Amino acid sequence: MTTGAPTPTYPARPRRSRLRTYLPLGIAVWLVLEIWLLTVVAGAASGFAVFLLLVAGFILGSVVIKRAGRRAFRNLTETLQQQSGVPPTSGGGEGNGLMMLGGLLLMIPGLISDALGLLLLVPPVQKALSRYAECAIDRKIREAAPGSVGDAFQQARIHRADGKVVQGEVIREENPTTDPGPRPPLNR
């Protein structure tokens, strides 16, 4: 039975991104594969051998994370101590994040995560992944809509003619000619 009142129209729900749709499924598949592979290896060798593999992965991962953290801290202190603003020449810090991620994957129990963690410790893989990530981030920044966070980041990065990047802050005055007048005093 209708009362003659119009039915309310709700705005269309925004589509879920592919990441939000497939990430839970991917994590579930990854966990099932990890458990299955651990049971296969335990059946072929022994449960104690699998336990030793997991403990060795955890120890190796903690050593890798500690080493990458020290290297990143050393690079940071060298950069801050330099007066000219030129990055240190004793090796870049690009691979430190990937080394830490590799160490974290080694610490997570499982053989697939250990294999991925060991793969991230290989320098050519680190360079290729950091190049890919840098290109993807630059592309996302270039595609950013005006007024978005990516657009503000693009405005704050100024490229000089010699190729150096100058970090800065962009301040816009909406109406520089209009003076709002004196402000009232602050009361306590």
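Guide: What follows goes from the whole chain to single residues. This is a predicted model, in which local features need pLDDT of at least 70 and side-chain atom pairs count only at pLDDT 80 or more, while totals for chains, interfaces and linings use all residues. Residues are numbered from 1 along each chain as its sequence is written, and side-chain values use heavy atoms, with hydrogens and water left out.

Visitor: OK, how many helices and strands does the chain have?
Guide: There are six helices and two strands, where helices (H or I, at least four residues) and strands (E, at least two) are DSSP runs numbered from the N terminus. Read from the N terminus, the order is α-α-α-α-α-α-β-β.

Visitor: And how much of the chain is buried?
Guide: Of the 188 residues, 15% are buried, a word that means under 20% relative accessible area, with exposed meaning over 50% and partly exposed in between (1.4 Å probe, protein chains only). The accessible surface of the chain is about 15,600 Å², and 65% of that belongs to carbon and sulfur atoms; such areas come from the Shrake-Rupley method with a 1.4 Å probe, and for residues only the protein chains shown count as cover.

Visitor: Which residues does UniProt list as "transmembrane region"?
Guide: The unreviewed UniProt entry lists residues 21–38, 44–65 and 98–122 under that name; its positions are in the numbering used here, feature names are shortened, and annotations may be inferred rather than shown by experiment. In the model, residues 44–65 are 91% helix and 0% strand, with the end C-alpha atoms 31 Å apart. Residues 98–122 are 80% helix and 0% strand, and there the end C-alpha atoms lie 10 Å apart.

Visitor: Is Leu105 buried or exposed, and what does it touch?
Guide: Leu105 counts as buried because its relative accessible area is 17%. Leaving aside residues up to four places away in sequence, Leu105 touches Ser113, Asp114, Leu116, Gly117 and Leu120, a contact being heavy atoms within 4.5 Å. Leu116 is partly exposed, since its relative accessible area is 43%.

Visitor: Switching to α2, how many residues does it have?
Guide: Helix α2 has 35 residues and reaches 51 Å from its first C-alpha to its last, close to the 51 Å expected at 1.5 Å a residue, where the expected span is 1.5 Å times one less than the number of residues. Buried in α2 are Val50, Gly57, Gly61, Val64, Ala68 and Asn75.

Visitor: Which residues form the nonpolar patch on the surface?
Guide: Phe48, Phe51, Leu52, Val55, Phe58, Ile59 and Val63 form it, with about 680 Å² of accessible area together. Patch residues have over 30% relative accessible area and no salt bridge, like charges being joined within 9 Å and nonpolar side chains (Val, Leu, Ile, Met, Phe, Trp, Tyr) within 5 Å; a salt bridge is a side-chain nitrogen of Lys or Arg within 4 Å of a carboxyl oxygen of Asp or Glu.

Visitor: And what does Asn96 touch?
Guide: Asn96, in helix α3, touches Ala68, Arg71, Ala72 and Asn75, not counting residues up to four places away in sequence. Asn96 is buried, as its relative accessible area is 5%.
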